[in-house]
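Okay, thanks for coming, everyone.

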Amino acid sequence: MRVVPAEPVESPEPAWRQRAVERSTRAAKLRAEQRVQRFLDAAQELIADKGTTDFTVQEVVERSRQSLRSFYQHFDGKHELLLALFEDALSKSAAEIREKAAAVADPLERLKVAVELLYESSTPREGQQSPLFTDFAIQLLVSHPDQVATAHLPLLTLFTELVEGAVESGRAVAPRPRRTASLIMQTAMFTAQAPAAPVGAQPSRIGAQDVWEFCLGGITGAGPGTGGSTTRTGKTPAAKKTAAKRTTAKKSAPARRAARGTA
C-alpha cells in the first residue's frame, strides 16, 4: 500500500534559477545606483554654477540627460534630492576625518585632530559658497531636525568612538560619551561658522585651537592653554580625581564591613 502525503511536497527551487534571479537583481541595483548618482552629480553641478540651491527638478533632469519619470522613481522631490546630497557630504567628511585621525597613536590627540578637521571643514571659505550648508542645512534644522540628526550620524558615531577611546585610556572623563561627542561636534561646527566675536577692542575670531582647549577642559578638567597636559601618572586632572574617588571607596569598604560587624 502506498502512503499518500497529507500535504503536497514542494520541490526546492533549482540552483540555476536562484543564480539567474540574483544576477538580475544585482544588475538592476547597479543600474539604479548609476541613475541616482547622475541625478546627484547634476544637482551638484547646478549648485556650483548658480551658487545657490535655487534650481528646479526639470533642470536636474535635463542636465543628467535622464527622464522625469526616472527621477521620481528614486526621489520624492527636490527636498529629498538635496537631503541626499547633504547626507553624502557629511558621510564623506566623516570618512576623511576617521582616516586622518586613525594615523595618530594617542587617543586624546586623535580626538584633537578630529575636532580641528571638523572645524576646518565647517569654516566658510572666502570666495567659495556652500549653499548646501549655509542655506539648505539651516532650513532643514528648523523644518526637519530629525533629518539633520540622521544625516550627522556618521560623524556622531566617529566622535563617540574617539571620546570612548580617550576615556578608556584614562586621559578623559565622560559619563555619557555620546552626549559629550554631540556637544563637541556642535561646538566645533557652529563656532567655525560664526563671525568674529568682540574680544577686547578688536573683533577676534575663535580658532580651532580655542575650540579644542574649551572641549578639552570639559572632558579633562585641564585649564585653557594647557594643551592637554597630563599628570605624572599619565592621567588628566579629571581622570585622576575620578580614580582617587574609586580608591577611597575601596579603602573605606573594609571599615564599613567592620562597623556592620560590631553593630
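So, start with the aromatics: Phe39, Phe71, Tyr72 and Phe75 make up one aromatic cluster. This is a predicted model, so local features need pLDDT of at least 70 and side-chain atom pairs pLDDT 80 or more, while totals for chains, interfaces and linings use all residues. Residues are numbered from 1 along each chain as its sequence is written, and side-chain values use heavy atoms, with hydrogens and water left out.

Back to the rings. Rings of Phe, Tyr and Trp (its six-membered ring) are called a pair when their centres lie within 6.5 Å; planes under 30 degrees apart are stacked, over 60 edge-to-face, and the rest tilted. There are 6 aromatic pairs in the structure. One of them is Phe71 with Tyr72, edge-to-face, at 5.1 Å centre to centre and 85° between the planes. Is each of those two buried or partly exposed? For accessibility, buried is under 20% relative accessible area, exposed is over 50%, and partly exposed is in between, using a 1.4 Å probe and protein chains only. Phe71 sits at 0%, so it counts as buried. Tyr72 has 45%, so that one is partly exposed.

Now zoom out. Helices here are DSSP runs of H or I with at least four residues, strands are E runs of at least two, and the numbering goes from the N terminus. The protein chain has 11 helices and 2 strands, and the order from the N terminus is α-α-α-α-α-α-α-α-α-β-β-α-α. Of its 263 residues, 32% are buried. Contact means heavy atoms within 4.5 Å. Among contacts with a separation of 6 or more, 63% come from residues 24 or more positions apart.

Next, helix 1. The expected span of a helix is 1.5 Å times one less than its number of residues. Helix 1 has 36 residues and should span 52 Å; its end C-alpha atoms are 53 Å apart, so that agrees. Its buried residues are Phe39, Leu40, Ala42, Ala43, Leu46 and Ile47, and they pack against helix 2, helix 3, helix 4 and helix 6. After helix 1 comes Gly51, with a positive phi near 70°.

And while we're on phi: most residues other than glycine have a negative phi. Arg65 is not a glycine, yet its phi is positive, about 60°. Where is Arg65 found? In the loop between helix 2 (57-64) and helix 3 (68-74). At 74% relative accessible area, Arg65 is exposed.

On to the core. A nonpolar core is a set of buried Ala, Val, Leu, Ile, Met, Phe, Trp, Tyr and Cys residues joined through side-chain atoms within 4.5 Å. The largest one has 56 residues, and Val60, Leu81, Leu111 and Phe159 touch the most other members. Take Leu81: leaving out residues up to four places away in sequence, Leu81 touches Phe39, Leu40, Ala43, Phe55, Val60, Phe71 and Phe75.

Helix 6, residues 131-143, bends by about 30° at Ala137; that bend is the angle between axes fitted to the seven residues ending there and the seven starting there. Even so, helix 6 reaches 17 Å over its 13 residues, close to the 18 Å expected. Pro131, Leu132, Phe136, Ala137 and Leu140 are its buried residues, and their cover includes helix 1 (15-50), helix 4 (78-101) and helix 7 (145-151).

Thr160 lies in helix 8 (residues 153-168), and at 8% relative accessible area Thr160 is buried. What does its side chain reach at 2.7 Å? The backbone oxygen of Leu156. Not counting residues up to four places away in sequence, Thr160 touches Pro177, Arg178 and Ala181. Helix 9 (residues 177-193) has 17 residues and reaches 24 Å, close to the 24 Å expected. Its buried set is Thr180, Ala181, Ile184, Met185, Ala188, Met189, Thr191 and Ala192. Those residues pack against helix 5 (107-122), helix 8 and helix 10 (208-220).

Glu168 is in helix 8 too, but Glu168 is exposed, at 71%. Glu168 and Pro107 are 61 residues apart in sequence, with 8.9 Å from C-alpha to C-alpha. Okay, that's my tour.

Methods: Polar contact = N/O pair within 3.5 Å; in protein donor to acceptor, adjacent residues only side chain to side chain.
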